[in-house]
Amino acid sequence: MGMTMTQKILAKHAGLDHVEAGQLIEADLDLVLGNDITSPVAIHAMENLNDKKVFDKEKIALVMDHFVPNKDIKSAEHVKEVREFACENCITNFYDVGQMGIEHALLPEKGLVVAGDAVIGADSHTCTYGALGAFSTGVGSTDMAAGMATGKAWFKVPSAIKFILTGKPAPFISGKDIILHIIGMIGVDGALYQSMEFVGDGLQYLTMDDRFTIANMAIEAGGKNGIFPVDDKTLEYISEHSDRKPVVYEADPDAEYTSEYTIDLSKLRPTVSFPHLPENTKTVDEAGDVEIDQVVIGSCTNGRLSDLQIAADILKGKKVKKGLRVIVIPATQQVYLDAMEAGYLKTFIEAGAVVSTPTCGPCLGGYMGILASGEKCVSTTNRNFVGRMGATDSEIYLASPAVAAASAITGKITDPANV
Amino acid sequence: MESARGTVHKFGDNVDTDVIIPARYLNSSDPEELAKHCMEDIDKDFVKNVKKGDIIVAEKNFGCGSSREHAPISIKAAGVSCVIAETFARIFYRNSINIGLPIIESKEAAEKIKNGDTVSVDFDSGIITDETTGETFKGQAFPPFMQKLIDAGGLINYVNKEEA
C-alpha cells in the first residue's frame, strides 16, 4: 500500500523504505525549535541527561518571542537563561530582541526550513512549516531537550485526512477563512493524531501566506501536522529565502486516507470562530451584532506582510471606531520594515491603531492587549479558549485580517465587503 | 509500576492547556509555583480541593491547545496521581509520558465515573475501578515502546539508559 506525503518524509528520516500508520519510529531531525517559554524547561531537562551536548549547533533554533521585550522580571530571567545556554553551546540560530520575530513567521523567512525537512518545535504551532512541504509538529519541552541532545525524536506514524480544495476563492476569502471553515466542519479534535493533507486545483489560488495560515491551525483541529504538496510557488519561496536544497515528496497515488473532504473555495464566506472554541464557526453573515472592545491583527497565524497589506487596504483613509483599541503586530522585523516601507504602518497609525514590535503578546494573554472582564475582541490569532487573552469572561472572535480591519472601523463583526 | 487511588475531579470535553495553566503564569517554570494555579481558569477551587493522589477524569480531547509542558507538570505537582480521559490531545499525551504523569484512555470510564467517586487504577493491568459504584473499566494499553518510556520514568531517563 502507498504512503501519504507525511509518511514518506517520516520513512526517509527513519531510514526505512516503508512505514504505515500506527508504527512507532525514531526519526532524524533537521531542526529543533524552542521559544522563551518552552526552552527554559527544556534546558532544565537537558541538565538531567548524561550527555548534555547539543547534537548540532546549526540545527537548533531558539526564538525569544512570547514575552519579549521582557514583560516582567521572571520573563527576563527565562530569556537570560536561554541566552546563556545559546552562548555556551554556540547556537547559530538564536534570535533575541532586535533579530527576533514570531517563530513560525521567522523560520521560513530565514530559510531555516525547506521542503522535505522533519522538524519538531516546543510550540504547538510548529505545524506551520507544512506549508513548505515539510513534516513539522509541535512537541513539549522534554522532547525538545532530547531532540537537542540526540537529533532524533520518536513518532507514531500518523494516518491522514485528505482535504481536496477546489475552485477560486472570492475576494476577501483568505487562508484563515479556509482553515476556520475546516475546523468548524470537523471539530477541534476532528484530526486528532492525524495528518491533514491539502490537495486540489484550488491550491493554485493560495499564496504561501495563505498556506502558512492553514498549516498553522492544523493543531486547532487536533492534527499532528498539516501539509501541502510542493509547487512552483513553494519552490520560488524557498529559493528566495534559503540556500538549502528542497527535497520534494509526493503522496503515492494509492496512499490511504481515513477520510476525504472536498471544499469548494468559491463558495466560502468570511468566517469567524465564536467563543470559546475554534470550531464554533459562523459566517460573517450569521454573526449578528457583536459589539467589540478590541481588535488584534498579528500572530504566527496572521502577522505576515500580506495580512498587514489587506488590513491596511481596508483601513486606508478610515478611522478606527471611537472607543475601540486596535493593536497591529507585524510578525517579524522584516515584516515590520516592509510594512513601514509600503506605508502600511502610517495607515494604521493615522487610522488610530497602535503598532507593536513583534511579539506573541496578546495572543496567549501574555501582555500588550489583555482583555478585562466582559470585553470582546476580534483577533486574527488562533485560539479563543476561556481566558486565552485575559479575563475568563472575556471573549475572543477569531477572524481573518480583512474581517478584523473591517470590524475595527465599525466596532462590530463586519463583512469586509461592507466598509 | 505502582497503582493510583484517590478522589475524582471530573471535567468535560476539550479541557485546554490555557485553562489547565493560564499563560499569565508561564513566566515561571517551577513545578511548585505552577501547581498553585493548576486548573485555575476552569475551576478556581481545584487547588484548594485537590489532595495528594487524587485523579482527574475528563471526556474528549483533554489537554488540547498549546504544547506547554507546564500543563502536565502543574497537574503532577498539584498531587494528581493519574488522568483518565476518553481521548487526549496528542502533545499533552506525549508530554505526560515524557515527564512521567500517568494517563489512561478509557471511553467507558470517562463516561461513567462521577465527580467525587473514589477510583483506583492498576497501571500494570490497566484496570480502573470505581470503588464508589463497584464498576470496573479497562484502560487502553500502551504500545510496547511507550510502555518502555513509562517504565524508564520518562524520556530523559530513557535516553540516558539507551546511551549507557
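Reader: How many residues does the contact take from chain A, and how many from chain B?

Author: In this predicted model, where local features need pLDDT of at least 70, side-chain atom pairs count only at pLDDT 80 or more, and totals for chains, interfaces and linings use all residues, the contact takes 46 residues from chain A and 37 residues from chain B. Residues are numbered from 1 along each chain as its sequence is written, while chains are lettered from A and ligands numbered from 1 in the order in which they are written. Two residues are in contact if their C-beta atoms, placed from the backbone, lie within 7 Å.

Reader: Which elements give two or more residues to the side of chain A that touches chain B?

Author: They are α2 (38–47), α3 (73–88) and α5 (141–150) of chain A, where helices (H or I, at least four residues) and strands (E, at least two) are DSSP runs, numbered from the N terminus. The largest share, 7 residues, comes from α5(A). By class, this side of chain A has 20 nonpolar, 17 polar and 9 charged residues; Ala, Val, Leu, Ile, Met, Phe, Trp, Tyr, Cys and Pro count as nonpolar, Asp, Glu, Lys and Arg as charged, and the others, Gly among them, as polar.

Reader: What is the order of the strands in the open sheet of chain A, and what is its pairing?

Author: Strands of a sheet pair through backbone hydrogen bonds, either parallel or antiparallel. Here the 5 strands have the order β4-β3-β2-β5-β6 (chain A), with parallel pairing, and two strands count as paired if DSSP finds at least two bridges between them. At the edges stand β4 (93–95) and β6 (135–138) of chain A, each with a single partner strand, so one side of each is left without a neighbour in the sheet. Strands β2 (residues 31–35) and β3 (residues 60–63) of chain A pair in the parallel sense over 4 bridges, and Asn35(A) has Val63(A) in β3(A) as its bridge partner.

Reader: Which strands of this sheet do α2(A) and α5(A) touch?

Author: Helix α2(A) packs on the sheet, touching β2 and β3 of chain A, and its direction makes about 115 degrees with that of β2(A). Helix α5(A) also packs on the sheet, touching β2, β3 and β5 (118–121) of chain A, with a direction at about 135 degrees to that of β2(A). Axes are lines fitted to C-alpha atoms, for helices over the stretch in contact, and angles run from 0 to 180 degrees between N-to-C directions.
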